[in-house]
Amino acid sequence: MNTPTETDVLVVGAGPSGVAAAVMAGSLNLRTVIVEAGAVGGKLHVIGALENVPGNWSTGPQLAEALAADLDRLQETGRCSVIRGRAASVSGYDDRAELVLEDGRVLRAPLIVVATGVSALTPADADWISAPAHLPVPPLWRTGPADLTGRTYVLGGDRPLGTWLRTHPHSSRTLHVLCPSTDDYKIAEVAGDERVRIMPVSHVVLSPMAHGGEWNLQVKYRQGEHKSYVAKTVLNNLGNRPTALVGLASSEDGYCPPGKQHPRIRVAGDLRSPQFQRVTTAQGSGAEAVLAYYYASTLTPC
């Protein structure tokens with residue numbers, strides 16, 4: 001039995017994967033609603049250089065602007081609308097899927113594509129760092145060479161490190177990267193850059209000093225050696241954690257594999273796995289989520 005709904009597809013998140021899902025849905029003449037709490041394009045707005053994205057885009061904000069134009073075009077055709085709000089939970093049923101927003105609104109559709117992406121980890125979230133809760137450490141991707149004072153330490157070897165280096169190719173600043181073993185595979189792409197000094201650590205105790213705006217770092221290297229450093233600049237590059245909605249099936253790492261979800265709920269983009277955190281794979285997964293459901297529903301009517 002079909003349950004009447006106001007739309008054919010609900011998309012949660014207007015980043016690269018969410019917009020790709022909306023574009024695909026529009027091409028199939030499916031009524032689409034996108035739910036977004038922030039800016040269209042999401043984290044693209046803070047990506048200073050794009051090197052592995054087709055289309056001759058050189059920066060994230062350029063691509064974000066193009067995605068916003070895509071949504072404007074879809075809205076002008078009447079095939080898509082955007083709701084401002086923050087999603088809280090999602091549920092799948094035999095005849096529909098439901099999305100509950102934080103303000104209590106309930107939205108229904110035959111298909112929900114969840115593309116809520118990831119949020120940045122803090123030092124207190126990392127098991128290899130001991131630091132006070134809510135310690136404000138500036139993120140690497142928001143920091144330019146002119147902001148770096150004295151010897152610069154970077155917490156973690158996540159991939160924004162490579163993006164930062166490509167964004168500032170003429171910077172001669174040296175980044176001392178405190179790298180746990182879990183990040184070794186991520187730093188391979190920057191290992192040959194002479195501006196990077198890799199510090200293979202097993203544990204770090206981080207604390208702000210009482211005066212002078214300096215940091216104290218107690219470092220234990222993987223070989224067991226202990227050293228203490230005082231720094232004026234410490235930057236956060238710890239990576240991300242999935243921003244999964246209540247109701248999604250997740251793995252031990254908190255990410256939400258597509259194969260574990262209800263048939264009427266598809267996940268797309270960075271939310272699927274830490275290994276899939278690329279703009280192009282996010283876009284492809286958003287389009288695929290809609291297309292796969294479309295063909296499945298035409299072969300087996302809902």
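This briefing describes salt bridges in the structure shown above. The model is predicted. Across the whole structure, a search identifies 15 salt bridges. Two sites are described below: a network that includes Glu-98, and the pair formed by Lys-186 and Asp-158.

**The network around Glu-98**

- Salt bridges link Asp-95, Arg-96, Glu-98 and Arg-108 in a network.
- Within this group, the side chain of Glu-98 meets that of Arg-96 in a salt bridge, with an N to O distance of 2.8 Å.
- Glu-98 also forms a salt bridge with Arg-108, where the closest N and O atoms are 2.9 Å apart.
- Because Glu-98 belongs to strand 5 (residues 97–101) and Arg-108 to strand 6 (residues 106–109), this pair ties together parts that are 10 residues apart in sequence.

**Burial within the network**

- Glu-98 has a relative accessible area of 12% and is therefore buried, the cut-off for this class being under 20%.
- Arg-96 is buried as well.
- Arg-108, by contrast, has a relative accessible area of 37% and is partly exposed.

**The Lys-186 and Asp-158 pair**

- Lys-186 and Asp-158 form a salt bridge in which the closest N and O atoms are 2.8 Å apart.

- Side chains of opposite charge can pair when their charged atoms come close.

How values were computed:
Residues are numbered from 1 along each chain as its sequence is written. This is a predicted model: local features need pLDDT of at least 70, side-chain atom pairs count only at pLDDT 80 or more; totals for chains, interfaces and linings use all residues. Side-chain values use heavy atoms; hydrogens and water are left out. A salt bridge is a side-chain nitrogen of Lys or Arg within 4 Å of a carboxyl oxygen of Asp or Glu. Buried means under 20% relative accessible area, exposed over 50%, partly exposed in between (1.4 Å probe, protein chains only). Helices (H or I, at least four residues) and strands (E, at least two) are DSSP runs, numbered from the N terminus.
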